[in-house]
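Me: I have a structure here and would like to learn how to read its features one at a time. Could you take me through them?

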Amino acid sequence: MIWWWWILPAAVALIGLVLLIAGLKALFGGKPFRGVAGALLGGGVLWGASLATLFGMNLQTYERLTYERPVATLSLRQIGPQYYEVELAQPAEDGETAAPGVLYPVHGDDWRIEAQVLKWKPWANVMGLDSQYRLDRLSGRYRSVEQELHGERSAYDLAAAASNARNGAVPFKVEAWDAIRRYRPYVDAADTLYGSAAYMPMADGARYEVWITQSGLVARPVNDVARNASAGGWTVAN
């Protein structure tokens, strides 16, 4: 986040405020020329810096409110009819080494990934609070409703896997939402906590990336196999 877009003008505005107060103090202290000059200078600096601060904060909304980052990469290998091995790899945290991908056998026509998302209000986005998430579940999805009701299912708890990998410490816990709601009358920064999901067709050799945005999960194909599957692979399997 480019803090100086609004911190620097805010600091100048503070200087202008000090000059304005000093000028008014001199004016009411019997020094009219010095007081008027100081008040005009301080008022002008304060006004200009305030406009620059508002402009900088508004400009940042175009960056913060559309900010997104990768949360997972999925590589697929077919091991049977409507049956795939999905390797799920998550990017490394700052200062950490990326963990190796985990393999999940998944039945169905599509893979589906779900997450719980804590979304902040726009003003909090501007201040640097981006949507937070916790990957919740990886599962398979059949396009046929009949198969969805009676076919072999696959579902994996990604939150538990992350907890085990971090020795029980999950970076974002749903319980935090209770604390946020409790203190909302004092700091009303959180917008909502909700479930978000993305799904894409499975194909042998396909590779996808999943990104978190300010409004939830987005899945994107990153190789030709995945792009071809996404473009023409949405028909119901016979």
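Me: Which side chain meets Arg 112 in a salt bridge?

Reply: Side chains of opposite charge can pair when their charged atoms come close. The term salt bridge is used here for a side-chain nitrogen of Lys or Arg within 4 Å of a carboxyl oxygen of Asp or Glu. In this predicted model, Arg 112 meets Glu 114, at 3.3 Å from N to O.

Me: What should I know about the numbering and the model before going on?

Reply: Residues are numbered from 1 along each chain as its sequence is written, and side-chain values use heavy atoms, with hydrogens and water left out. Since the model is predicted, local features need pLDDT of at least 70 and side-chain atom pairs count only at pLDDT 80 or more, while totals for chains, interfaces and linings use all residues.

Me: Is Glu 114 buried or exposed?

Reply: Buried means under 20% relative accessible area, exposed means over 50%, and partly exposed is in between (1.4 Å probe, protein chains only). Glu 114 has a relative accessible area of 19% and is therefore buried. Of the 238 residues of the protein, 35% count as buried.

Me: How many salt bridges does the structure hold?

Reply: There are 8 salt bridges. One of them joins Asp 110 to Arg 143, at 2.7 Å from N to O. Asp 110 lies in strand S4 (residues 110-120) and Arg 143 in the loop between strand S5 (132-141) and helix H4 (145-150), so this pair ties together parts that are 33 residues apart in sequence. Both Asp 110 and Arg 143 are buried. Asp 110 also belongs to a network of salt bridges that links it with Arg 141 and Arg 143.

Me: What is the distance between the closest N and O atoms of Arg 153 and Glu 148?

Reply: They are 3.1 Å apart, and the two residues form a salt bridge. Arg 153 counts as partly exposed, at 47% relative accessibility. Glu 148 is partly exposed as well, with a relative accessible area of 23%.

Me: Where does Arg 141 lie relative to Tyr 199?

Reply: A charge sits over a ring if NZ of Lys or CZ of Arg is within 6 Å of the ring centre and within 35 degrees of the ring normal. Arg 141 lies over the face of Tyr 199, at 4.0 Å from the ring centre. Arg 220 is likewise placed over the face of Trp 211, at 5.5 Å from the ring centre.

Me: How many aromatic pairs are there?

Reply: A pair of aromatic rings is described by the distance of the centres and the angle of the planes. Rings of Phe, Tyr and Trp (its six-membered ring) pair if their centres lie within 6.5 Å; planes under 30 degrees apart count as stacked, over 60 as edge-to-face and the rest as tilted. The structure holds 2 such pairs. One of them, Tyr 104 with Tyr 156, is tilted, with 4.9 Å between the centres and 50° between the planes. Tyr 104 is in strand S3 (residues 102-107) and Tyr 156 in strand S6 (residues 155-157), 52 residues apart, so the pair links distant parts of the chain.

Reply: Helices (H or I, at least four residues) and strands (E, at least two) are DSSP runs, numbered from the N terminus. The protein has 7 helices and 9 strands.

Me: What is the strand order in the open sheet of 4 strands?

Reply: Strands of a sheet pair through backbone hydrogen bonds, either parallel or antiparallel. Two strands count as paired if DSSP finds at least two bridges between them. The order here is S6-S5-S4-S7, with antiparallel pairing. S6 and strand S7 (190-201) are the edge strands, each pairing on one side only. S4 and S7 pair in the antiparallel sense over 11 bridges, and Ala 115 has Ser 196 in S7 as its bridge partner.

Me: What is the order in the open sheet of 5 strands?

Reply: That sheet runs S3-S2-S1-S8-S9, again with antiparallel pairing. S3 and strand S9 (216-221) stand at the edges with a single partner strand each, so one side of each has no neighbour in the sheet. Strand S1 (residues 69-80) pairs with strand S8 (residues 207-213) over 6 bridges in the antiparallel sense. Pro 70 stands opposite Trp 211 in S8.

Me: At what angle does helix H7 run to S8?

Reply: Axes are lines fitted to C-alpha atoms, for helices over the stretch in contact, and angles run from 0 to 180 degrees between N-to-C directions; contact means heavy atoms within 4.5 Å. Helix H7 (residues 224-232) lies across S8 and S9 and runs at about 75° to S8.
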